[in-house]
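Here is a short briefing for a reader who is new to this structure. Please look over the sequence and the model before reading on.

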Amino acid sequence: MKIKHASVNICSPGRNFVTLKIETDDGIYGLGDGTLNGRELAVASYLSEHVIPCILNRDPFQTEDIWQYLYRGAYWRRGPVTMSATAAVDMALWDIKGKALNTPVYNLLGGRSRDGVLVYCHAHGADIEEACDDVARHREMGYKAIRVQSGIPGLDATYGVPKGALPYEPAERGLPPESRWSTEKYLLHVPKLFARVREQFGDDLHLLHDCHHRLSPIEAARLGKELEPFHLFWMEDPVPAEFQEGFRVIREHTTTPIATGEVLNSIWDVHDLIRNQWIDYARLTLTHAGGFTALKKIADFAELYHVRTGCHGPTDLSPVCMAAALHFDLAIHNFGIQEHMPHNKETDEVFPHAYRFEDGFMFPGDGPGLGVDLDEKLAAKYPYQRAYLPVLRKLDGTLWDW
Ligand code: CS2
Ligand code: MG
């Protein structure tokens, strides 16, 4: 079997997606997600101009050698654009492998290690009461794990809370929107939020929270300590993730579990975090961290240190990545939890898929490959539109981590 053709599809059924399609001389094709929110064309160009010419006529079963070729052979290492493009190739090749062997990809990763994949959803509100109403709504839908974010008194916007009734979609068309931030207001508010949620919903529900990269290590240590009575499943991205040493300070002060990794893209970005047990969950994704070939190595390394996975799964990764993540989650031993932000109807129609949600868990389906497709004709109805993630500034105008 040989790779005969590969093409990059960019579409925007509500938000932009980059999909690589690799076709073989046997008529089998595979799909890979190369979506990088706000930088989609950079990945598309890297694939079309620099990657595709080098993989044609190769054997699609040689996933390890092709991964090494794209990682070491590129000379320039790592980074979200390079690793998302490499991931799209890797995901598509595993999809082809599964289809050629007539088996779901999870069977190529060790087979089922669990009955289903525990997922968490996003609940939010402009204030604590609205957030509690949304927690109740999601618990009714069957979720056993819920991330809770709310507006911060005194701030006109904050991460994770949509403006108005539309679902939360941080990337906006046009130039990057800017908003203001106060760590002080945030730190005073979040413990009250979780005290209220635990008071209303008790202890059984897994609760998660995303600090979204905005605290200093000692501020994160303070928040972790103040959240200990509410037994969070995790406190996410407390500090900017590239500062691995900062997580040591947090660890010295609190037992609240820590998750990070969604903005990281290689094992070297989490090497110290894992071997020092400074985190409990690694959030790297199949798309941004180089695909199955890379993420399996990261998960195996993490397993030695009791670190579990918690793959990032927002709407800015396509159903191709969601399908791939569910195969990965079902098979690896040290699975922790999977993020689940349901895509909109148009996206689900462009990317028909076998995966499903039931009673707090997800299942990838048992068909060959990844169990997801791309309706190219329908995708063409939703052309790419440039969009950017927001930019954040502190109240005094200092640029900050969004
Ligand atoms: C967030 C993401 O889901 C999460 O944990 O951190 O939604 C993140 O804001 C987006 O992926 C950015 O594109
Ligand atoms: Mg996050």
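Ala, Val, Leu, Ile, Met, Phe, Trp, Tyr, Cys and Pro count as nonpolar, Asp, Glu, Lys and Arg as charged, and the others, Gly among them, as polar. This is a predicted model, in which local features need pLDDT of at least 70, side-chain atom pairs count only at pLDDT 80 or more, and totals for chains, interfaces and linings use all residues. Side-chain values use heavy atoms, without hydrogens and water.

**Ligand 1**
- The shell around ligand 1 holds seven charged, four polar and four nonpolar residues.
- Among the 15 residues around ligand 1, those that come nearest are Asn37, His212, Glu262, Arg283 and Glu339; a residue is near if one of its heavy atoms lies within 4 Å of the molecule.
- Glu262 has a polar side-chain atom 2.5 Å from an oxygen atom of ligand 1.
- For Arg283, a side-chain N or O atom is 2.8 Å from an oxygen atom of ligand 1.
- On its own, ligand 1 has 340 Å² of accessible area, and the protein covers 95% of this (Shrake-Rupley method, 1.4 Å probe).

**Magnesium ion (ligand 2)**
- Asp210 (OD), Glu236 (OE) and Glu262 (OE) coordinate the magnesium ion at 2.0 to 2.2 Å.
- Along the chain, these donors (N, O and S atoms within 2.8 Å of the metal, or 3.2 Å for Na, K and Ca) follow the spacing D-x25-E-x25-E.
- Asp210 is in strand 8 (residues 206–210) and Glu262 in the loop between strand 10 (258–260) and helix 8 (267–275), so the pair ties together parts 52 residues apart in sequence; helices (H or I, at least four residues) and strands (E, at least two) are DSSP runs, numbered from the N terminus.
- Both Asp210 and Glu262 are buried, meaning under 20% relative accessible area with a 1.4 Å probe and protein chains only.

Note on methods:
Residues numbered from 1 in each chain as written. Chains lettered and ligands numbered in written order. Buried < 20%, exposed > 50% of the residue type's maximum accessible area, 1.4 Å probe, protein only. Polar contact = N/O pair within 3.5 Å; in protein donor to acceptor, adjacent residues only side chain to side chain.
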